[in-house]
Amino acid sequence: MNGVARPANAAELAELLRSKSGPVRLRGNGSRADRVPPAATGTIAIELRNLATIDRLDAADFTCSVDAGLDRSTLDDELAARGVELPCAGAGTLGGLFASDPIGATMFGGASPRSLLLGLEGVLADGTRFRSGARVVKSVAGFDVHRLLVGSHGTLFAATRLHLRLRARPRAAAWFRNDALDEAGARTLFVALRGLAVPPAALHWRRDARGHTVAGCIAGRANHVAATMRAHHLREGAPFVDLHLQRTPGGEVLGGIVLPSRVPALLAAAPPDAPFLVHGGGRFEIGLSSPAESDAFVAAAPRVPCEACILLGEPARRRRGTPIDPGQSRIAAELKRALDPDGILV
Amino acid sequence: MAMLARRMRPLERSLVRLLGRERVLHSPDALLAWECDGFTVHRRRPRAVVLPESTDEVQAVVRALHDASVPFVPRGAGTCLSGGPTANADAVVVDLARMRKVLQISTEDLFAVVQPGVVNLDLTAAVHHLGLHYAPDPSSQSVCTIGGNFAENSGGPHCFKYGMTVDHVLGALVVLPDGSLARLGDAAGARAPHGLDLTGLFCGSEGTFAIATEITVRLCRDQEAVRTLLASFPTMAAACRTVSDVVAAGLLPAALEILDQATIRAVEASVYRAGYPADAAAVLLVELDGPTEVVAEEAAEVMAVFARHGALHREEASSPADRKRLWKGRKGAFGAMGRLNTDLYVLDGVVPRTRLEEALERIAAIGRKHGVVLTNVFHAGDGNLHPNISFDGRDADQTARTIAAGREILQLCVDLGGSVTGEHGIGSEKLEHVAMMYGPADLDVMARVRRAWNPRDLCNPGKVLPQRSSCAEVAKWPQMVARVLDEEHG
Ligand SMILES: Cc1cc2nc3c(=O)[nH]c(=O)nc-3n(C[C@H](O)[C@H](O)[C@H](O)COP(=O)(O)OP(=O)(O)OC[C@H]3O[C@@H](n4cnc5c(N)ncnc54)[C@H](O)[C@@H]3O)c2cc1C
Ligand SMILES: Cc1cc2nc3c(=O)[nH]c(=O)nc-3n(C[C@H](O)[C@H](O)[C@H](O)COP(=O)(O)OP(=O)(O)OC[C@H]3O[C@@H](n4cnc5c(N)ncnc54)[C@H](O)[C@@H]3O)c2cc1C
């Protein structure tokens with residue numbers, strides 16, 4: 001990387017981008033640096049951590065507007081003090097969290113970065129400042145350009161301010177962790193909980209050396225929490241915070257999306273001891289011990305079916321994965337051309 | 001037949017070759033039913049209407065139109081309230097109402113794949129016996145289609161708890177404006193980790209990106225218990241404060257709907273009569289759903305909040321039939337108000353929920369200033385207002401005052417930190433109003449995004465974004481708005 005610039009505000013960022021002609025990599029806390037393909041020489045990093053104010057926090061309206069470089073933990077503290085929360089997983093700066101959307105929803109139909117982003121202010125690679133969406137919980141005015149932030153990994157535009165939807169903190173919550181399950185038992189429990197009329201606030205299914213674990217959080221009124229824990233024989237446990245798999249030396253971690261009914265087929269397509277994690281929202285990670293194993297898994301993925309790509313691995317292999325639908329790829333390429341025609345943001 | 005064929009233009013002839021004569025309408029009389037949607041001020045007869053029945057047929061039709069450089073407009077049931085499916089620029093309407101098959105239902109993975117012409121309520125009817133439903137419920141749900149809902153990102157009374165259409169659409173197969181296909185998202189998730197959220201971007205694009213021919217949506221499990229409560233209040237302010245307190249208490253009702261006095265009276269005088277107290281200044285409907293014991297506790301809490309705010313009358317639906325009765329007035333409100341005059345202008349602004357009371361006071365003042373008949377029925381939980389103006393569209397003065405009042409109301413919503421539309425879209429109706437929220441740079445970025453999908457602007461031209469310079473065919477309504485603006489600014 002050819003240096004780091006740290007603009008103090010959105011106007012400075014716009015000016016910086018306007019004056020740049022070479023490649024730029026946007027950065028929040030930089031925690032995802034090991035997950036993206038390497039930057040070409042001459043790339044400068046623009047770090048947005050100085051854009052870190054809470055512009056407004058309307059707890060009664062369940063909305064707030066924050067700078068994209070604000071750290072999630074700072075916001076969480078402010079929200080907790082007002083009895084509200086941002087109901088999605090993930091850490092780092094809010095801009096980084098939304099741009100990488102590392103986990104999706106922790107529950108099917110539950111809130112994900114995608115559903116919590118009401119609007120944003122941003123800057124294009126040519127320095128143009130723009131707005132999309134609104135600050136209120138409901139608006140269908142214009143095209144939802146802000147949805148393009150999610151999963152864009154900083155390659156379409158820089159978000160400088162985010163308008164977010166919040167939620168009241170639940171009156172009661174209990175974490176559960178049912179471990180030492182066999183595959184069939186884990187799947188039955190996972191599918192039953194995912195299909196509840198009032199689903200858990202978080203749901204995860206993990207396979208590791210010790211067997212299968214189904215864990216998560218039941219939230220709501222105290223009587224509902226107690227009744228759900230009882231009805232499904234859920235055992236209280238510590239909060240489930242390991243939302244990602246770690247890479248083993250020489251190995252790779254793949255991530256993707258899969259339907260619960262296809263998890264057995266997915267596990268059959270991988271070595272029997274491969275660590276595996278799936279969130280209630282459908283996002284999974286699987287740990288494979290070598291690039292050859294990953295390639296075999298990716299080749300088998302369409303038969304599962306599931307979509308997947310390499311999250312952690314040698315820099316040149318990151319983000320390789322199952323082919324994206326050609327029509328979808330074409331639109332994605334057109335969007336890149338439309339918003340960043342010179343390919344500045346990498 | 002031979003004579004008819006001779007009168008047809010070459011494009012119509014090739015469309016007939018693709019679909020057959022019965023599914024290509026082009027005589028002026030046959031086109032009458034397609035000349036507008038629920039926004040009746042903007043009328044324009046399309047060049048032709050085609051009625052495809054499969055993705056292949058949509059592709060073939062779109063290819064022919066693309067090759068002939070003829071614009072086209074996707075259409076569902078035509079219940080849109082902002083002119084979205086109304087033809088501009090001699091366009092051909094691609095009517096998707098015949099594509100009404102539910103293609104797949106998964107009870108384990110909880111999704112359905114449907115063709116775009118499936119009627120919203122028919123999807124719930126198709127999965128009802130499985131204890132499932134499709135959550136977004138626009139008041140037009142017995143008629144409007146999933147394709148239209150997807151294109152508008154429609155809401156409805158139950159969206160306060162369950163979210164808008166975008167929160168329920170997982171993926172789609174779309175025919176791009178050159179006739180090629182793109183598959184967005186997947187039943188397993190709207191976005192793969194190495195993809196963008198194109199499903200989310202498409203949702204709400206008002207038929208200007210492409211034509212959706214298959215849509216994958218999430219199904220929800222039916223709740224164990226549903227309780228519907230109603231209270232009437234001596235003032236609108238008391239009803240609004242009740243809503244705030246219900247939400248502040250951490251309750252999450254499925255729906256929180258308010259009707260004002262004029263609406264109550266219109267409803268009670270119509271076939272949608274629901275037995276609402278006609279002397280009340282406002283009626284608040286609260287629906288709670290969830291496990292039986294939870295809903296029981298919540299109902300008691302809500303009743304207590306009603307009492308605290310001086311409710312004149314409180315009741316709870318005693319049976320499913322009674323629940324239907326309480327909803328009948330709310331769901332039929334637009335129909336009831338439509339009878340007050342020849343035309344009804346349904347506005348759709350949003351304000352932060354905590355500003356509802358102030359917004360309604362100022363809206364009433366705007367109504368008085370312009371001398372228009374104004375009623376309010378709205379999704380109070382989301383701050384999504386529907387001020388309705390009854391007017392006689394044949395009277396130029398009334399129409400001008402209606403437009404001026406509507407414009408001022410939407411400006412007020414923006415000034416209070418809200419939006420010019422919560423669920424009905426921009427269409428052709430709000431081409432001028434959209435600039436209240438966005439500046440030229442914002443609109444330019446949106447235009448770039450649309451061009452990525454629809455580079456030649458063949459798919460539903462003249463909608464969503466004002467196109468002063470390039471649009472050859474500007475709809476009648478924006479022209480009227482422009483005239484009012486010119487007059488206002490001297
Ligand atoms: C302790 C820890 C452990 C983690 N473990 C994992 C893990 O195992 N797996 C995993 O997937 N993630 C993991 N993450 C990453 C994390 O969950 C999110 O990806 C994180 O929120 C990113 O925040 P950041 O500020 O570090 O972003 P960065 O890493 O700085 O940026 C993330 C991406 O977003 C882009 N970006 C940043 N800011 C903006 C902006 N304002 N506008 C547009 N684009 C922007 C960047 O270009 C980059 O592509 C971990 C994070 C932490 C702190
Ligand atoms: C009485 C009444 C009550 C209403 N209540 C509500 C409400 O509570 N909430 C709400 O949100 N709306 C409401 N509406 C507005 C309207 O019903 C919705 O916008 C609805 O989603 C439109 O669906 P439709 O099938 O009628 O679509 P149409 O009106 O035919 O089309 C709407 C838009 O979608 C596009 N379109 C249609 N099908 C496709 C497709 N397959 N692919 C791409 N684009 C497509 C069209 O080009 C057009 O721009 C109401 C309308 C009425 C008349």
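## Exercises on a predicted two-chain model

A:Leu97 sits in helix 3 (residues 94-100) of chain A; helices here are DSSP runs of H or I with at least four residues, strands are E runs of at least two, and both are numbered from the N terminus. This is a predicted model, where local features need pLDDT of at least 70, side-chain atom pairs count only at pLDDT 80 or more, and totals for chains, interfaces and linings use all residues. Residues are numbered from 1 along each chain as its sequence is written, chains are lettered from A in the order in which they are written, and side-chain values use heavy atoms, leaving out hydrogens and water.

**Exercise 1.** Work out whether A:Leu97 is buried or exposed, and list what A:Leu97 touches.

*Solution.* Start with the cut-offs: buried is under 20% relative accessible area, exposed is over 50%, and partly exposed is in between (1.4 Å probe, protein chains only). A:Leu97 has a relative accessible area of 1%, so it's buried. Next, the contacts (heavy atoms within 4.5 Å): leaving aside residues up to four places away in sequence, A:Leu97 touches A:Arg72, A:Cys88, A:Ala89, A:Gly90, A:Ala91, A:Pro102 and A:Pro113.

**Exercise 2.** Say which residues lie nearest the centre of the second largest pocket, and which helix gives the largest share of its lining.

*Solution.* A pocket, on a 1 Å grid over the protein atoms alone, is an open set of points where a 1.4 Å probe fits, with protein on both sides within 12 Å along at least five of seven lines; lining residues have an atom within 4 Å of a point. Of the 35 lining residues, B:Gln141, B:His158, B:Glu287, B:Arg323 and B:Lys331 lie nearest the centre. Now go element by element: helix 11 of chain B brings the largest share, eight residues. Helix 4 (120-127), strand 12 (225-233) and strand 14 (282-290) of chain B are among those supplying at least two each.
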